[in-house]
Amino acid sequence: INTLIANNIYDAAYPLHDGEYEGENKEMNDRKLLYQEWARYGAFYKFQPIDLIRKYFGEKIGMYFAWLGLYTEFLIPSSVVGIIVFLYGCVTIESDIPSKEMCDQHNAFTMCPLCDKTCDYWNLSSACATARASHLFDNPATVFFSVFMALWATMFLEHWKRLQMRLSYFWDLTGLEEEEEHPRPEYETKLLQKKFKTEKSKIISQDKEEKEKLTWKDRTPGYLVNFASILFMISLTFSLVFGVIVYRITTAAALSMSPNESTRSNARVTVTATAVIINLVVILILDEIYGVVAKWLTEMEIPKTEKAFEERLILKAFLLKFVNSYAPIFYVAFFKGRFVGRPGHYVYVFAGYRMEECAPGGCLMELCIQLSIIMLGKQLIQNNIFEIGIPKLKKLFRKLKDERPEKKESDSNPSKQPQQWELDYVLEPFTGLTPEYMEMIIQFGFVTLFVASFPLAPVFALLNNVIEVRLDAKKFVTELRRPDTVRAKDIGIWFNILSGIGKFSVIINAFVISVTSDFIPRLVYQYAYSHNGTLHGFINHTLSYFNVSDFKAGTQPENSPFEQEVSFCRFKDYREPPWSENRYEFSKQYWAVLSARLAFVIIFQNLVMFLSVLVDWMIPDIPKDISEQIKKEKSVLVDFFLKEEHEKLKLIENFIMHDKGRSRSEPRGRKNRAASFCQFSRSKQGSFTSFSSRHTDV
């Protein structure tokens, strides 16, 4: 310790690890046992030793790994169902009538140009590959899968409450009450500064000093800065999303002017892929920035206790990272292609660039691509590479920093073995469980919120979590200093966040199915407009006519070989034809489909919410065996107190009877002494009724 202080590298105190986790020493300890049975990638097939984790790291960390294990276990059935839904799309792709109609070159749907001047008319059959790929995720099975995942989220939370209760019982946490925490040093400092500023600070009584606390007026500057900063950060996220949208629009326009035919034909794929990668890089950078900003903003609020500090930090970090992670996905799902306009009356950005449209097969396929790349990129880069690489780099930096003092000491004592505190000092300090929970909560959002567009999301989450469990285990056992043991009987505010995401996912999936996919338009056509109750003619039904002579001057295709042949082009929308009185206005079919979409959202949301409440009611929060055991223990405890009180009453009655018998044969003076002693006994022990009242309290 003197060496550390002398070299100015003293750090905060921390618990020491239980010896080495590997080496020639054959003596078994808890750390070595954890490494062999839990913290190795080769042990991925083994169950987690939750009791040993709790014994070594404490209840709070034990609860985290128990929750992570249950979440990973629950991903198995959802992955199986997701694979079945995907395979259903693969099997039925050949029998999908709309895809066949779109791929049929004999239909000859001549589509309106995708851009002004440079783009030409094109045939809908050229988008055959996109239409077939969209069917893999846009089919009736995805509706069932959305309902299944909503119920899955409810069942997961209910089973976690049961497991949490079981662990609390076996870990002796059922009677754990929240103790009054000591104020944080920052809070005490601010309170002290407030007292010094007041004129009566020297004459405040001790009672009033104890009641002194920071009021909302003292925290108002911090709250205002918090509100303004969070609004700024959310606006920054939206601005960057808009910047990527501008990039997509301008790049698509530039590629469409290319003289190379292959470049023009692959413009949509190129723009989509590069834009998603840019979004991923922006999300990764902003995630790190928002983590630091959330901590700084929370410190400005001056929370009184560590628990209040942690909860406020979690809420701010989750809000910022949630908006950051899902803003690009929300844009593709609900806004892209909604504000395009129509031929002859398009909506322009920066006075020359048309708003981007969805692909001919719809935006669902692009939503699937966006979701998969962002989800896999975050899991691979942020959750795995960052977690492995950054601690190792910090450990190496710390080693290099302390190399000279250690070298001098080793030269003076060449045979001396390093002590455990010296080995642990090189390790990275433990900074809390918030980053671990945060990455899993964001992943839970990817699995539940947009699962209607990407049924394989649970599969990729499961594969990631199998590695994540061992990665976190290895980090805790080998890379981090041993944290202080903290008792906790639940996962705190994270459960409320999970519950909120589960309820929010029902609404999001309802809108994805009704607005983003073609499920509702197909349903309306099949039962309201089809002559034979099938989807034959669906593509023609969804395409409107436009007279090419109605193009604005300077926007029609230049040097088009089809200029003399094309009188009408088609575009995807429900609008009146040019020969109608209300030309290009929304048709009756548009309002019918819109009504059906809104009705589906209401029915889907209420049905799934009702089923979720039913599942919640059917699954008790406390397991039956634990409930019976608690009742049995209470019964034994009550019997014990009854027996004890009965023995006390019997002993007092025997003593009184014995005292009365002796008083008859003794002189009067002894009688007075016995009576006074009896009175003293009763006043000290209480009346007989007091014993029964005590038993009632127990």
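A disulfide here is a pair of cysteine sulfur atoms within 2.5 Å. This is a predicted model, where local features need pLDDT of at least 70, side-chain atom pairs count only at pLDDT 80 or more, and totals for chains, interfaces and linings use all residues. Residues are numbered from 1 along each chain as its sequence is written, and side-chain values use heavy atoms, with hydrogens and water left out.

**Stop 1: the disulfides**

How many disulfides does the cut-off give? The count comes to four. With the bonded cysteines numbered in sequence order, the pairing reads 1-5, 2-8, 3-4, 6-7.

Select C358 and C363. A disulfide joins them, with S to S at 1.6 Å. The angle about the S-S bond is -85°, and the link of C358 and C363 is left-handed. Now colour by accessibility. Buried means under 20% relative accessible area, exposed means over 50%, and partly exposed lies in between, using a 1.4 Å probe and protein chains only. C358 is partly exposed, at 21% relative accessible area. C363 is buried, at 1%.

Next, select C112 and C569. Their sulfur atoms are 1.9 Å apart, and the two form a disulfide. The torsion about the S-S bond of C112 and C569 is about 85°, so this disulfide is right-handed. Helices (H or I, at least four residues) and strands (E, at least two) are DSSP runs, numbered from the N terminus. C112 sits in the loop between β1 (110–111) and β2 (122–123), while C569 sits in strand β8 (residues 568–572). The pair links distant parts of the chain, 457 residues apart. Both C112 and C569 are buried.

Stay in the region and select C115 and C119. These cysteines form a disulfide with sulfur atoms 1.7 Å apart. The link of C115 and C119 is right-handed, with 95° about the S-S bond. Both C115 and C119 are buried.

Two further cysteines are worth a click. C90 is partly exposed, at 32% relative accessibility. C368 is buried, at 4%.

**Stop 2**

Select K117. It lies in the loop between β1 and β2. K117 has a positive phi of about 65° although it is not a glycine. Its side of the accessibility scale is partly exposed, with a relative accessible area of 39%.

Then go to D172, in the loop between α7 and α8 (185–197). D172 also is not a glycine, yet has a positive phi of about 60°. D172 is exposed, with a relative accessible area of 60%.

**Stop 3: α13 and α19**

Two packed helices are described by the angle between their axes and the distance between the axes. Show helix α13 (residues 306–335) and helix α19 (residues 493–516). They pack at an angle of about 10°, with their axes 13 Å apart. That makes α13 roughly parallel to α19. Axes are lines fitted to C-alpha atoms, for helices over the stretch in contact, and angles run from 0 to 180 degrees between N-to-C directions. Angles under 35 degrees count as roughly parallel, over 145 as roughly antiparallel, 65 to 115 as roughly perpendicular and the rest as oblique.

Contact means heavy atoms within 4.5 Å. From α13, the contact includes F318, F322, F330 and F334. From α19, the residues include W494, F504 and F511. By class, the contact of α13 with α19 has 15 nonpolar, one polar and one charged residues. Ala, Val, Leu, Ile, Met, Phe, Trp, Tyr, Cys and Pro count as nonpolar, Asp, Glu, Lys and Arg as charged, and the others, Gly among them, as polar.

**Stop 4: α2 and its neighbours**

Select helix α2 (residues 30–37). Which of its residues are buried? They are D30, R31, K32, L34 and Y35. These buried residues pack against α3 (50–57), α16 (420–425) and α18 (457–479).

**Stop 5: Q164**

Finish on Q164, in helix α7 (residues 140–170). Buried or exposed? Q164 is buried, at 14% relative accessibility. Leaving out residues up to four places away in sequence, Q164 touches M63, K489, D490 and I491.
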